[in-house]
Amino acid sequence: MLFASLGSSSDLFSHLWQTVLPVYISNTLVLGVLVVFLSLVFGTFSAAFIVHTNVFGKKFLRWLLLLPLAMPAYLVAYLYTDMFDYAGPIQRTLRGWFDWQSPSDYWFFDIRTLPGAGIVISLVLFPYVYMLTRTALEQQDQNLLRAGRLLGLSATKSFLSVALPLARPAIAISASLVLMETLADFATVNYFAVNTLTTAVYDTWLGYDDLATANALASILMLLILFVVVAEQRARAGQNHQSNRPNQHIEIIKLSLFQQLFISGFCWILVLAGFLLPFALLVIMAVEYSNMAQLTNLVSPGLNSIEVSFYAATIVTFFALLLGLYHRLSIDKWRILPSSLVGIGYAVPGTVLAMALLASFGPLDHFINDIARTLQFKEPGLVLSGTIFAVVFAFVVRFSAIANGTISSGIKQIPHSVDLAPASLGVGVGQMLKKVHLPILRPSIFVAWLLVFVESMKELSAVLLLRPFNFDTLSIQIYQLISDEMLEQGALSAILIVLLGLLPIIWLNRSKELS
Amino acid sequence: MGANELLSVKQLSVKLHNNVILSDTHLTLNFGDILGLVGPSGCGKTTLLNTIAGFNTPSTGELNIKRNNSNSANLVVQENVLTITPFSHVEPQHRNIGMIFQDYALFPHLSVEKNICFGINKLPKSEQKSRMTDLLHLLKLTGLEARFPHQLSGGQQQRVAIARALAPQPTLLLLDEPFSNIDARLRNELMLEMRQILKQLKMSAIFVTHSKDEVFTFADKIAVMHKGSILQIGSPAEVCQSPNSWQVADFLQLGSWIPVKAINGQFQSAVGELPSTEDIDLEENTVKYKEYSPKLQLLLKSQAIEYYEGGFEKNNVQVDNISITEHGFHYLLSSIDRDLSLSFEQLSFYSNFLLTLGQRIAIKIKIHDYQVFDSYDDILG
Amino acid sequence: MQKITSIRKNLFLIFAGFIFISSSLQANDEVNVYSYRQAFLVKPLFDIFTEKTGIKVNVIFAKKGMAERLAREGKYSPADILLTTDISRLIELHDRDLLQAYSSKTLLDVIPRQYRATDNTWYALTTRVRNIYSAKRLGAIDINYEDLADTKYKGRICTRSGKHSYNIALVASMIAAHGEADTLTWLEKFKLNLARKPQGNDRGQVQAIHQNLCDIALGNSYYFGKMLVDEKQKLWADSVYINFPNQNNRGAHVNISGMGMAKYAPNNENAKALMEFLVSKDAQKLYAETNMEYPVRTDVMPSNLVASWGDFKADSLSLESIAKYRKEALKLIDKAKFDL
């Protein structure tokens, strides 16, 4: 892709620069900052209250707050823009009640704006921050907070000046995840009529038919993301102070009744807005519009979705395991490199990735066919770019970062002495991995597999472009119906995706409880 | 509360997650004393420490803590008693107690300087500076102010933790297994050094340990805990000389145990009847220790064992193990006749006589103030 | 080691599976369609085709990147037929040399000259008008595209993104009629008249009129038809008139859905058969009716509903000559910051 961008025309670029690009760039930055800020507010606050206070219903809120992860952002964006639009049901009802006639009669926030997009995207992405912050807080050495108490701080102050700074690396990682998701998301911002750098990529590619410049713009975007990734890794370097003494009793800050109600309300609003409300809308649609025909229509795309997601999850997990163990056991000083490189894939927008894959598989396919012909075999056709191989490959590239993160954190929890013990017992490396590391890692492997599986089920843009003939997935079915303003018909598929997305969340929660 | 008392704990019991961890605990601590809480793991000593610090709330009972209200450097105590009951909790930060945690709990994101000044950051900068300088000097940390905890050795980390706890000039210092992470060779030296510092500052302290060596070196008073209650409190010498229960003597390893039977006002053991004199009223003892209890044990210190050349027919023990110590040879003896209910093993005997492994010898128990305990009961009346 | 070999074996099997699947796609009684139009909208037509000829039709639908995929696949592309929903995609495919000419007499006879490529690489299938919807509350009006810049509609106009291909084509036709400078002025004034930032789709604009957010909106003709047959949306559609602009001068701007044969179409004969079929009277009737569009054949009537909107005069300029201003149009839209 970078090569392709070298041939970009400077004319078009300067035209864009003189007209719309500055606004796009500022929109991109503002959106990124806004989403990160809001996700941090939503995520860290809720995590802090759930872990350190006696807020009402924390037993349920603890995992309910994870649910928005199961919602594809494009779905929520569509549902919300539809609902809060001038012509949407909320404003219509209000106009009905108060007998307003036109927009000049009253003020209502405009959902199709930068802040609107920022809020809705944050509602879907904040659970990343919540999840990582909560885990960090729960695993902190509670003696540090106690030390703070005895040095004269109240429980609240001790939390603010000790626990929170210590959770900073986790918060930074989650913030960078949120930022990458935001910048990589083309479809969602589109519903909000917000123009970002990604809009420019599409315009130059599809409108001006100038793929080179589009690639150049996409490269800018990726450099931006790369910068974030590096900055995040820098921030994390040398900061590793999780406690190795789990199950310490965490001091609970007692809140007044009013505070409990208020904060519980805050968390419930997040759950409601990020999951329950959109899910309820889907269910209502499904009840109103669905019939048996739709159920049967679900089968084939459902199976397709499961098939590609299954392959992708399995391959990604396998590679993540290889990389993680290589990183652990190798003494090569560049051993960190492969896993860092793989991480970038997550930040690449699906469509851009698909383009890059087409660019590399296309010639490869030609090469294969040419060879086949010279060898007098039947030409195999487009074995790479024309089959689900391409789709699975795209998923592998895109979601490796997720599996890597999960598995490498699992590997980190194995004490280093475990690497040495089997050798001292005369067991070889292969046996050691099989008998020691893999069994210990089983939960991480499973979680990684599930996360990738669900993300693959949700992924849209790459499948859209790379799929073979007559190959629909659930996400594509939804997309087609949405783009024709007929989500009602696809509500069942949407519900299915969401329900599948709930699986890893339930599992994650369950394994936490068990441990 | 007596004028000299800094802390009194009455009838304290603590429940955590519906498990009774402490029950009916009594304790007092005088100003300037260093109290060692000792006992096997799980006996509740850390819970007691945490309750005094304010991290647990009592479910019954009462704690009284005198608090040093002034921030002046010479630790003048203004009488100001905090009373803590199940119904009146005092937040940890208002108790004026310092604590040193087992893993030191230094703030990893702060430098040594910031760690030490953490508790006094409301004082004027100049005051902070002078206290820190004094503490750095006292604890031989000068020059390390800018370092971060992970750049320090274990001993240095511990000294930073001490400096941090001392900076707000607490009335009471709590130490949770303070020496468990220190190299064995350095431990004794460090304990003496720290004891000196605490004494120099007239600091009162309670520390928790499961090592009897630590408690004898470091403490002015020791309290032996067992299953959630304190069995005995006293100076190390008192406790050592007259332990009040089998558990205390056993945990502190004050000697070896040999089983005895009380018959007709006499104690019978595998090495014969215990010799009696008019000074020692055995009869009273046997009554006290439930004549027919099957689990009577005599605490036998090495110096109460007499080795004599009794001839072949009088040999009653054999040598199972020999090791060499700075006090001469250390033998572990066992009774030969294993069938008897009074037979014993692993009787420690220090001697300069040269014996060989498996050798059969004769020993006698010297007349002394016998300490017989019933190991069947947990606590003796 | 044994494990690794077994993994290798599995990978090989998977790979072999791919080859098998892909080669099965090359069978002879098939024709492969790359469609910009959603599969379910064209499927009924293909079912009839299959029934008649026994040729199976495979479809992939994508809105973005189809041309890119085709180009990358090159001579090994399985694609036979390209179906598009507007002129700009056809022009793009043509300009990238991804189409081949098919000079069938049938096609040339039934499709008017302005709706097909001069080199016979693409043909229109249906036409649709870029209409102007107006609120019924304004009464019947006579309107030109030029009037969208009229200050009397200040704050009363709604539209979807200026950069949507339907709007780009409209702007291109304005350039063809008035030149770049005047079109830019028109766009700038048009923008000032907008009731809200360009957003949503064509149906959403009608809904906005229904909700009294605006009075005038741009929209394609077929959406009006589709809304009329939708229970919920009929209410919205009932509150607007559908107007055919510029009836007293050059005529309404018309866009097309069309088809072309892929340059390396492997099933050449089947592709030809499909193309011929698609312009047959029956197919034209059905295709236009399912999509509420105007058949490109003048001798096939649109559906009764569509016919009920009345006859209209279409811009007679050939689409090729309008489409050549496409990039200029997009530049002007950027320059006017129409969407921002």
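**Cysteines and domains**

Mentor: At 0% relative accessibility, Cys158(C) counts as buried, where buried means under 20% relative accessible area, exposed over 50% and partly exposed in between, with a 1.4 Å probe and protein chains only. Bear in mind that this is a predicted model, where local features need pLDDT of at least 70 and side-chain atom pairs count only at pLDDT 80 or more, while totals for chains, interfaces and linings use all residues. Residues are numbered from 1 along each chain as its sequence is written, chains are lettered from A and ligands numbered from 1 in the order in which they are written, and side-chain values use heavy atoms, leaving out hydrogens and water.

Trainee: Which cysteine forms a disulfide with Cys158(C)?

Mentor: A disulfide here is a pair of cysteine sulfur atoms within 2.5 Å, and the search of the whole structure finds one over all chains. The sulfur atoms sit 2.1 Å apart, and the partner of Cys158(C) is Cys214(C).

Trainee: Is that disulfide left-handed or right-handed?

Mentor: Look at the torsion about the S-S bond of Cys158(C) and Cys214(C). The torsion is about -110°, so the disulfide is left-handed.

Trainee: On to chain C: how much area is buried between domain 1 of chain C and domain 2 of chain C?

Mentor: Chain C is divided into domain 1 (29-127 + 254-307) and domain 2 (129-253 + 314-335), with bounds from an automatic or database domain assignment. Buried area is the accessible area (1.4 Å probe) that two parts lose on being put together, summed over both. Carbon and sulfur atoms give 61% of the area between domain 1 of chain C and domain 2 of chain C, and the total is about 1,800 Å².

Trainee: How many residue pairs are in polar contact across that interface?

Mentor: For salt bridges (a side-chain nitrogen of Lys or Arg within 4 Å of a carboxyl oxygen of Asp or Glu), the count between these two domains is zero. A polar contact is a pair of N or O atoms within 3.5 Å; within protein, one must be able to donate a hydrogen and the other to accept it, and residues adjacent in sequence count only if both atoms are side-chain atoms. With both residues at pLDDT 80 or more, the number of pairs is five.
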